[in-house]
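Reader: I'd like to learn how to read strands and sheets in a model. Could you take me through it step by step?

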Amino acid sequence: MLRPQDTATRDRRSLTGLWRFRADAEGVGRDERWFAAPLAGARDMPVPASYNDIVPGRELHDHVGDVWYQTDVRVPRGWADQRVVLRFDAATHRATVWVGETEVMSHEGGYTPFEADVTAHVTPGETVRVTAVVDNRLSWESIPPGVVVETAHGPRQKYMHDFFNYAGLHRPVWLYSTPTTFVADVTVVPGIEGDPTAERPTGTVAYDVAVAGEGAVRVRLLDAEGAEVTGAQGAAGTLTVPDAHLWAPGDGYQYDLVVEVLGADGALVDSYTQKVGIRTVEVRGTDFLINGRPFYFRGFGMHEDHTTRGKGHDDAEMVHDFELLDWIGANSFRTSHYPYAEEVLDYADAHGIVVIDETAAVGMNAAVGAVIGMTVDQVFSPDTVSERTREVHAQAIRELFARDKNHPSVVLWSISNEPESHTPESEEYFRPLFELARELEQHRPIGFVNVMYSPADVDRLMKYSDVVMINRYYGWYSDSADLAAAEANLEAELRQWEGHGKPIIMTEYGADTVAGLHDLSGSMWSEEYQEELLDVYHRVFDRVGAMAGEHVWNFADFQTSRGIVRVDGNKKGVFTRDRRPKAAAHLLRRRWTERG
Ligand code: GCB
């Protein structure tokens, strides 16, 4: 799905700001048609933001069920004869939207965009009411899964993943115009002819444009200075780019593919600009190659998580986080554990940061659930994570790939984090999803992230994966406080995974660390222990030839559900939640900036 854009033929109106908001604890708003009038008893709520931490008290923080958002927007006068589209960049976890009293769309899944053509329901120059009901409930048929337990004291949301179930309108909302004949989709697949390690090789850009309506397609490829490099007629083809300036880690060079639809008279009907980074990605043996060169991932699993706004996107926080990644010498991160805002991927593209892009399929694991605070006998069964869940998961994969397919920063997909992967049921569940991912993706590797409970001798899913991605907590959840044992066991396990003959990326390793807690005997939770533990892992990584990357868990401390294993959230951050460095930040900076 194309991102809204201002071009010669398109305009956007942002609906960010304060919306009217009301929690619907009784779940009566749909029957009472709250969309049909200005929301009674509403309070102000910022969009984008999670609603949970905006208001003091438990009521909104722990709300389970529907909340209502409403705003009024004046449709620009100049949009007469245009197609008008209403788009939500995300609504967590599902939403139904009305324009005036007309229901225009519903969407399942909290981290991908959805939109509707609302031309028939608006009048340019006039104001229209937009209402969205957003439901935060997780069930056996949502991604991620969860269970709402009805208690004498109200509903309680349980889940098996380790981050707080922030909800609401987390990303911008747009009203935008396009001509009635318009560019509906653009797909670009970059390539390199000959030796990809050459200084300025010949690049290729295979493109495919979907047009709604009748019109001829013309494409022009411009370099970063705006000079035309090449072009072509026709909705699909391959452009050749002599002396290409490649997109590469640390060099976010991009071309602009200007896509134009022309009328019978040759006049411009629609125009859309797609950024293109020319680079190749390949797994060869135990190497992960970008542009033919081995790439070693240095960085973090992250979270979209900040005080007050929760998972709400914010440009200041985003740029600051990227500046910290740069300061520490990280070259990559994983969008653990859900698709991040598109602004984040655009930024990564533009700055040459490499991304492992993950779906929201996290917490499909009873053993992990037991630690977090939800018990279930069997995760994969007809009554729990089932074929119906798989349909939702498949749709999440389709939507993620469709949204992010053109980002050069995305070099590897993760279709799930730490699912149970040692049982026949889990294999049966996942095999079709790997098949689907391969059908949808032609040029990037695909994988999933393996959990400590499924080592190489029992895991049944890694054979479907191009890269071995594993999260390990030797020295924390196992071999607690015993770093000598941790070192030996970690190395022994990595040697087993080496047997797969694939690149190994340690996608999580780390220790909960209370900022400011120091201890010269290196007790757990101290800054010293976090440093020592990271050193142990790094020594081992440097001995294992198949290692292709190290992502520390986590970039920053983050909020989780409440329980006996977390004190105000997960403290494995290398930065605190307000982004102050722990001692480990300096250790990583030394390692990652010297390694170059
Ligand atoms: C994991 C999970 C991550 C948790 C982390 C932890 O394996 O993938 O979501 O937050 O461990 O700190 O326990």
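Author: Happy to. This is a predicted model, where local features need pLDDT of at least 70, side-chain atom pairs count only at pLDDT 80 or more, and totals for chains, interfaces and linings use all residues. Residues are numbered from 1 along each chain as its sequence is written, and side-chain values use heavy atoms, with hydrogens and water left out.

Reader: In which order do the four strands of the open sheet stand?

Author: Strands are DSSP runs of type E with at least two residues, numbered from the N terminus, while helices are H or I runs of at least four. Two strands pair if DSSP finds at least two bridges between them. Here the order is E16-E15-E18-E19, with antiparallel pairing. Strands E16 (228–233) and E19 (268–276) are at the edges with a single partner strand each, so one side of each has no neighbour in the sheet.

Reader: How many bridges join E15 to E18?

Author: Seven, between residues 216–222 and 255–262. Leu-222, for instance, lies opposite Asp-256 in E18.

Reader: Which way do the side chains of strand E28 point?

Author: In a regular strand, side chains alternate between the two faces of the sheet. In E28 (residues 468–471), Val-468 and Ile-470 point one way, Met-469 and Asn-471 the other. All are buried, meaning under 20% relative accessible area with a 1.4 Å probe, counting protein chains only.

Reader: Which strands does E28 pair with in the parallel sense?

Author: Strand E27 (residues 446–450) is joined to E28 by two bridges, and E29 (residues 504–508) by four. Met-469 faces Val-449 in E27 and Ile-505 in E29.

Definitions and conventions. Buried means under 20% relative accessible area, exposed over 50%, partly exposed in between (1.4 Å probe, protein chains only).
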